[in-house]
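Subject: Structure handover

Hello,

Here is the structure for you to take over. My notes on the chain contact and on one of the pockets follow below.

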Amino acid sequence: MPNAAGTVRLAGGQGFYGDTPAAVDALLAEGIDYLCLEALAELTLAILQKDRQRDETRGYTRDLPAYLARALPFVADGRTKVITNAGGINPPAAAHAAIDTAKRLGMSGLKIATVLGDDQLTRIDQLQASGEELGHLDTGAPFASFPGEPLLASAYLGARGIVDALEQGADVVITGRVADASLFLAPCVFEHGWKWDDWDRLAAGIVVGHLLECSGQSIGGNYTGDWWALPTPWELPYPIAEVGADGGAVISKPRGAGGRVSTDTLRHQLLYEVHDPRRYLAPDVVADFTSARFEDLTDDRVRVTSVRGKPATPTYKMLLAYHAGWSGEARVAFSWPDAFEKAKATAAIFLKRVEMAGHEVDEWCVEYWGVDALGGATVPGAGDCEPPECVLRVAWRCDDQRTAGLVGRELVPLTLSAPPAGMTGMGRGGGGGATELLGIWPTLVQKPAVDEHVRVTVQEVA
Amino acid sequence: MARVSLRELCGYRAGDKGDIANVALFADDDDTYALLCREVTAERVKAHFGPMVQGAVDRYEARNVLALNFVLHDALGGGGPRSLRSDNLGKTLGGALVRLEIDVPDDVARRRRPRPDVGWAEAIVRGALQRPN
């Protein structure tokens, strides 16, 4: 039920796997109806895939218990519900961890729901047999050219499964790959009774979700206004939205905390990871981000209104991943004079030694930090500059793990036995490890082929 | 007319999806936005990035927030989990874009976005460095 003001209060308590659970305390204390925890990115799915390969009971974001330990006392009091896609590619295991956390805190009676059905890994053949093409969404490459075996196949579900779980009385909803913004749309649909063809309201919910899904990034994180002037930047608060029945919303932050909510901080987030802003393709609606109107109120509050939407597309986005070899990297630093020249010479000597050692490297990446490692071709005069210091970073890709680990060792002897003077900065780690690379293959899949397998289950903590 | 880098005229944010990066530019007022729309074409952005962006560049307008959004295809060395680059997610591509210089009227050319004042940060770090255990 919406509160007396007729609004639903949502908070974006997590923006990625690795975010700080401590940030949710201020949100919970402020009073929120739903704590939404967005834990997944393309890179995260890849990390979770590696976790699951090593251990079948993994594959979810393992900071979930830390979040729940802070949130469950508020959930048990009936003040807040939690919605998260922390299930990653193994929501049942995440639910197990959530139940364990509740028991450890001595809480019984909580209803913990899982939404399954995004994971299509074991259904690829079936999908193809039923006519799904699964071609690469960006390059157009046909699925016949998919490199090797898929390691991951997660469809981006919408808000429906979560709404279903809330209708069944869930206190905590754990999903797999539900689209980030849909975590926030779901409680709006549930509380306000929005219809699934009420495109403008659904789009408004997606805009709110998009503004909240990256935690501090709407409150002054990763900000290019007067970022240095934001108060207490070491404790940036996370965002809150009060969403009305008409889809209008006020974005704010916990009172008294640092950070800033303004049209400027919010517009930075509005276009983050967006392609065509007139057609933001969410699973449940196509949202027109250019229709949103922003109005600065007082006290770090911004009203967002007038969002328009169009009917959803017939497909879900789906992300597949494949093994793409092994990588390693090494860094060394040089100082003035001739730091850049020394770095270039060392790169060449290293490459030569790796070749002489007989290691097969399929791809090299050579960067000069302090010159143009990040700016590349956009740095004017990089070719003949005289930096006070320069760090050489070399990364490589090999077919096998062992070789990727061995390549870096060819750099170490150069400390004494290469002409460039003053080589340093290799660090105490010594390096030598290899990291698996994963290629990702975004594609589309017809919704009915996925929807018929979506399952919502609710477990009560005994 | 004078040449000014976009750094003086707008804010920016970059993001990634697969091997596609996007960079949004945010103008502070309508006049600057009109200027950006005229000068910062997809073609110029493509040329500016050179070999950093292997594919096409698309431009979208979001007039409601005075923004231009550039979508850079084939721009991240294969995408985050596959790329060998230290900036595998393209986080710095916004900064790289605002290096671009455009021709602007003289009154605009005098405009300067304020530079960071991080005296508070220097004080904190100095304090920590002065107190070894």
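Between them, chain A and chain B bury about 4200 Å², with 60% of that area on carbon and sulfur atoms. In chain A, the residues that lose the most area to chain B are A:Trp228, A:Arg267 and A:His275, which together make up 18% of what that side buries. The model is predicted. The contact involves 54 residues of chain A and 49 residues of chain B.

Polar pairing across the interface: the rule finds 28 residue pairs in polar contact between chain A and chain B, both residues at pLDDT 80 or more. It also finds two salt bridges across the interface of chain A and chain B. A:Glu363 forms a salt bridge with B:Arg82, where the closest N and O atoms are 2.9 Å apart.

On the side of chain A that touches chain B, the elements giving two or more residues include α2 (42-54), α9 (263-270) and β17 (435-446). The largest share, five residues, comes from β15(A). By residue class, this side of chain A divides into 28 nonpolar, 15 polar and eleven charged.

Next, the second largest pocket. Its volume is about 570 Å³. The lining of this pocket has 25 residues, and those nearest its centre are A:Thr224, A:Gly225, A:Trp227, B:Tyr12 and B:Arg113. Strand β2 (residues 10-17) of chain B supplies the largest share of the lining, four residues. The lining residues split into twelve charged, nine nonpolar and four polar.

Regards

How values were computed:
Residues are numbered from 1 along each chain as its sequence is written. Chains are lettered from A and ligands numbered from 1 in the order in which they are written. This is a predicted model: local features need pLDDT of at least 70, side-chain atom pairs count only at pLDDT 80 or more; totals for chains, interfaces and linings use all residues. Side-chain values use heavy atoms; hydrogens and water are left out. On a 1 Å grid over the protein atoms alone, a cavity is a set of points where a 1.4 Å probe fits but cannot get out, and a pocket is an open set with protein on both sides within 12 Å along at least five of seven lines; lining residues have an atom within 4 Å of a point. Grid points are joined across faces, edges and corners, and a volume is the space filled by probe spheres set on the points. Ala, Val, Leu, Ile, Met, Phe, Trp, Tyr, Cys and Pro count as nonpolar, Asp, Glu, Lys and Arg as charged, and the others, Gly among them, as polar. Contact means heavy atoms within 4.5 Å. Buried area is the accessible area (1.4 Å probe) that two parts lose on being put together, summed over both. A salt bridge is a side-chain nitrogen of Lys or Arg within 4 Å of a carboxyl oxygen of Asp or Glu. A polar contact is a pair of N or O atoms within 3.5 Å; within protein, one must be able to donate a hydrogen and the other to accept it, and residues adjacent in sequence count only if both atoms are side-chain atoms.
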